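Dear colleague,

I am handing over the structure that I have been looking through, and it is placed just below this paragraph.

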Amino acid sequence: MQSPSKLSPSKPPLAHIDHQAQLEEYLRVLKLPMFLHHYQTYAQDAARSGLSFERYLLALCEAETTERDARKIKRAIAQARLPFVKEISSYDFSAVENLPKARILELAEGRYLEAAENLLLLGNPGLGKTHLAIALALAACRQGKAVRFYRAAKLVDELAVMRKDLRLSHFTAQFVRLDLLVLDELGFLPIDQEGAQMLFQLISDLYERVSIIVTSNLRFGDWNTIFGDAKMTDALIGRLTHKGHIIEFVGESYRFRHSLQQEQLKVAESKPEVG
């Protein structure tokens with residue numbers, strides 16, 4: 001007994017089949033858009049160059065795979081909700097004293113994600129901590145990782161809303177499915193005690209399961225001003241630094257120096273020429 005086709009409810013007599021239309025319908029059902037778009041062009045090229053059927057099919061498979069990978073990366077970047085796009089190549093490493101460029105480039109390869117290790121970017125404001133955090137997050141997206149970016153204060157606000165709506169457990173469950181959480185500007189804005197406790201609980205839940213990148217303009221000794229509880233602060237730092245990479249940013253604010261240079265340029269341009 002012949003089993004019915006799942007792709008076509010009935011098969012007309014062979015003489016009446018429009019093979020091209022049927023092929024294209026199969027390609028749509030199988031969700032192979034690159035096959036559908038390129039099969040005729042590739043077939044003509046293969047006929048002209050004498051390629052085998054296998055090589056023709058391989059070329060179509062390569063085109064389909066490349067397109068799927070591109071769509072996957074695009075989707076991962078959208079889901080990460082990065083506030084803007086920054087690349088490591090556009091970061092000025094010369095502006096920050098003793099910043100380990102080679103180490104950061106190595107981290108961008110993503111091996112720390114496989115081990116659920118954390119990155120702590122600490123130091124003065126205006127030195128590009130957020131720039132590098134976003135660049136590393138973007139690199140992770142391109143490696144097919146699930147990433148989510150949050151300003152620390154914004155995340156605390158969302159945790160509070162979810163707790164009030166009795167949806168906190170459902171909300172935090174999504175973070176466990178991530179490969180990387182970026183927690184930007186920790187300590188930049190004050191956090192109340194309830195918010196600090198919820199943030200601590202979330203980071204504890206992700207401990208050794210999900211990598212976290214933290215940027216902060218506060219040194220560890222000042223983190224108690226964020227959380228207001230010495231024991232909780234010590235426990236949090238312990239979780240983040242265990243299997244963690246600490247990178248310190250030392251120097252004068254890039255934004256301040258840039259503004260100063262722009263102001264000096266305006267003053268120089270406003271001076272009348274002597275002649």
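**Disulfides and cysteines**

The structure holds 0 disulfides, where a disulfide is taken as a pair of cysteine sulfur atoms within 2.5 Å. A disulfide, in general, is a covalent bond between the sulfur atoms of two cysteines. Cys141 is buried, with a relative accessible area of 0%, whereas Cys61 is partly exposed, at 33%; here buried means under 20% relative accessible area, exposed means over 50%, and partly exposed lies in between, with a 1.4 Å probe and protein chains only.

**What kind of model this is**

Please bear in mind that this is a predicted model, in which local features need pLDDT of at least 70 and side-chain atom pairs count only at pLDDT 80 or more, while totals for chains, interfaces and linings use all residues. Residues are numbered from 1 along each chain as its sequence is written, and side-chain values use heavy atoms, with hydrogens and water left out.

**The chain as a whole**

The chain has 12 helices and 5 strands; these are DSSP runs numbered from the N terminus, with helices (H or I) of at least four residues and strands (E) of at least two. Of its 275 residues, 37% count as buried. Among the contacts between residues at least 6 apart in sequence, 77% join residues at least 24 apart, a contact being heavy atoms within 4.5 Å.

**Helices H3 and H6**

Helix H3 (residues 53-80) packs with helix H6 (residues 129-142) at an angle of about 140°, and their axes are 8 Å apart. The axes are lines fitted to C-alpha atoms, for helices over the stretch in contact, and the angles run from 0 to 180 degrees between N-to-C directions. H3 and H6 are therefore oblique to each other, since angles under 35 degrees count as roughly parallel, over 145 as roughly antiparallel, 65 to 115 as roughly perpendicular and the rest as oblique. H3 passes H6 in a right-handed crossing, a term used if the near helix is turned clockwise from the far one by less than a right angle, with anticlockwise giving left-handed.

Which residues of H3 and H6 meet? From H3 there are Ile73, Ala76, Ile77 and Ala80, and from H6 there are Leu138, Cys141 and Arg142. By class, this contact of H3 with H6 has 6 nonpolar, no polar and 1 charged residues; Ala, Val, Leu, Ile, Met, Phe, Trp, Tyr, Cys and Pro count as nonpolar, Asp, Glu, Lys and Arg as charged, and the others, Gly among them, as polar.

Lys72 also has its place in helix H3 and is partly exposed, at 44% relative accessibility. Although Lys72 and Arg142 are 70 residues apart in sequence, they are 8.5 Å apart in space, C-alpha to C-alpha.

**Helices H8 and H9**

Helix H8 (residues 168-176) and helix H9 (residues 193-206) pack with their axes 10 Å apart, at an angle of about 40°, and that makes H8 oblique to H9. The crossing of H8 and H9 is right-handed. Leu168, Thr172, Phe175 and Val176 of H8 make the contact with Met198, Leu202 and Leu206 of H9, which by class gives 6 nonpolar, 1 polar and no charged residues.

**Two buried strand residues**

Phe149 is found in strand E2 (residues 147-151) and counts as buried, at 5% relative accessibility. Not counting residues up to four places away in sequence, Phe149 touches Ala80, Arg81, Leu82, Pro83, Ile134, Val182 and Asp184.

Thr215, in strand E4 (residues 211-216), is buried as well, with a relative accessible area of 1%. Leaving aside neighbours within four places in sequence, the residues in contact with Thr215 include Leu121, Ala133, Asp184 and Leu186.

**Two loop residues with positive phi**

Asn98 has a positive phi of about 60° although it is not a glycine; Asn98 is in the loop between H3 and helix H4 (101-107), and is exposed, with a relative accessible area of 77%. Lys243, which is not a glycine, has a positive phi of about 60° too, and lies in the loop between helix H11 (230-241) and strand E5 (244-249). Is Lys243 buried, partly exposed or exposed? At 32% relative accessibility, Lys243 counts as partly exposed.
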